[in-house]
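Please look over the following chain with its fold in view, and read the notes below alongside it. They take up a pocket, a group of aromatic rings, a helix and several individual residues in turn.

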Amino acid sequence: MSIKKDYSDLKSKIKERKKDFDDFIKFLETKTTWLTAPASVRYHLSEKEGLLKHSVGVTKTLLKLRKLFTPQLSEESCVIVGLFHDIGKIGMPHSPRYLEKGEKFSYNKEQIEMDVANRSLYLVSKYIPLSDEEAQSILY
């Protein structure tokens, strides 16, 4: 399956917070580097779409673990936490965390410094109401 198809399938699992989720996705896809950012500049998935690939992979794994260990946990919660646990790696709309330099990426030294987990929680919570457990999962 392609990353775009997997991403689309995961987005379709959101039902209860669909409007909030869709508003956040629209913001991410049109105002940020969400669809093109790497997952890092020198470690895993340091490539175009690396962050999306990483986030989709984490979400798919989380859904498999949910089925085995905590079936009472909603798929929606897993999708929100899985997709957005590292969303802070996009930086901010006006100041991306990573800058594209040809085939490589570099760290943007001009961005407002904030650790990834806190920035992730900051960005998500502006759009999507989170349970205490979801917020904790994003932070840790």
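## The largest pocket

In this predicted model, the lining of the largest pocket divides into 3 nonpolar residues, no polar ones and 8 charged ones. The space in the largest pocket comes to about 210 Å³, and of the 11 residues that line the pocket, those closest to its centre are Leu 10, Lys 13, Lys 60, Leu 63 and Lys 64.

Two helices, H1 (3–11) and H3 (50–69), each supply at least two residues of this lining. The largest share, 5 residues, comes from H3.

## Aromatic pairs

The count of aromatic pairs in the model comes to 7. One of them joins Phe 27 and Tyr 127, whose rings are stacked, at 5.1 Å centre to centre and with 25 degrees between the planes; a pair counts as stacked when its planes are under 30 degrees apart. Phe 27 lies in helix H2 (residues 18–31) and Tyr 127 in the loop between helix H5 (116–125) and helix H6 (132–139), so the pair ties together parts of the chain that are 100 residues apart in sequence.

Trp 34 and Phe 84 form another aromatic pair, tilted, with 6.2 Å centre to centre and 55 degrees between the planes. Because Trp 34 lies in the loop between H2 and H3 while Phe 84 lies in helix H4 (residues 75–84), this pair ties together parts that are 50 residues apart in sequence. Both Trp 34 and Phe 84 are buried.

Glu 134, Ala 135 and Ile 138 are the residues of H6 that are buried. Seen down the axis of H6, its buried residues fall within an arc of 100 degrees, and they therefore line one face of the helix. An α-helix has 3.6 residues a turn, so residues three or four places apart point the same way.

The buried residues of H6 pack against H4 and H5. On the face of H6 turned away from this buried side are the exposed residues Asp 132 and Glu 133.

His 54 is found in helix H3 and is buried, with a relative accessible area of 17%. If its neighbours within four places in sequence are left aside, His 54 is in contact with Ala 39, His 44, Leu 45, His 85 and Asp 86.

Leu 45, one of these contacts of His 54, lies in the loop between H2 and H3 and is partly exposed, with a relative accessible area of 28%. Its phi is near 50 degrees, a positive value in a residue other than glycine. Glu 49 also has a positive phi, near 70 degrees, and is likewise a residue other than glycine. Glu 49 lies in the loop between H2 and H3 and is partly exposed, with a relative accessible area of 22%.

Gly 88 lies in the loop between H4 and strand E1 (91–92), and at 0% relative accessibility Gly 88 counts as buried. The C-alpha atoms of Gly 88 and Leu 121 are separated by 7.7 Å, although the two residues are 33 residues apart along the chain. Not counting residues up to four places away in sequence, Gly 88 touches Arg 97, Val 116, Arg 119, Ser 120 and Leu 123.

Arg 97, in the loop between strand E2 (95–96) and strand E3 (98–101), is buried, with a relative accessible area of 12%. Leaving aside its neighbours within four places in sequence, Arg 97 is in contact with residues including Gly 88, Tyr 107, Gln 111, Met 114, Val 116 and Arg 119. The C-alpha atoms of Arg 97 and Ala 37, 60 residues apart along the chain, are separated by 8.6 Å.

Terms used: Residues numbered from 1 in each chain as written. Predicted model: local features only at pLDDT ≥ 70, side-chain atom pairs only at ≥ 80, totals over all residues. Heavy atoms only, no water. 1 Å grid on protein atoms, 1.4 Å probe; cavity = no way out; pocket = protein on both sides within 12 Å on 5 of 7 lines; lining within 4 Å. Points joined across faces, edges and corners; volume = space filled by probe spheres on them. Helix = DSSP H or I, 4+ residues; strand = E, 2+ residues; numbered from the N terminus. Nonpolar A, V, L, I, M, F, W, Y, C, P; charged D, E, K, R; others polar. Phe/Tyr/Trp six-rings, centres within 6.5 Å; stacked < 30°, edge-to-face > 60°. Buried < 20%, exposed > 50% of the residue type's maximum accessible area, 1.4 Å probe, protein only. Arc of directions from axis to C-beta. Contact = heavy atoms within 4.5 Å.
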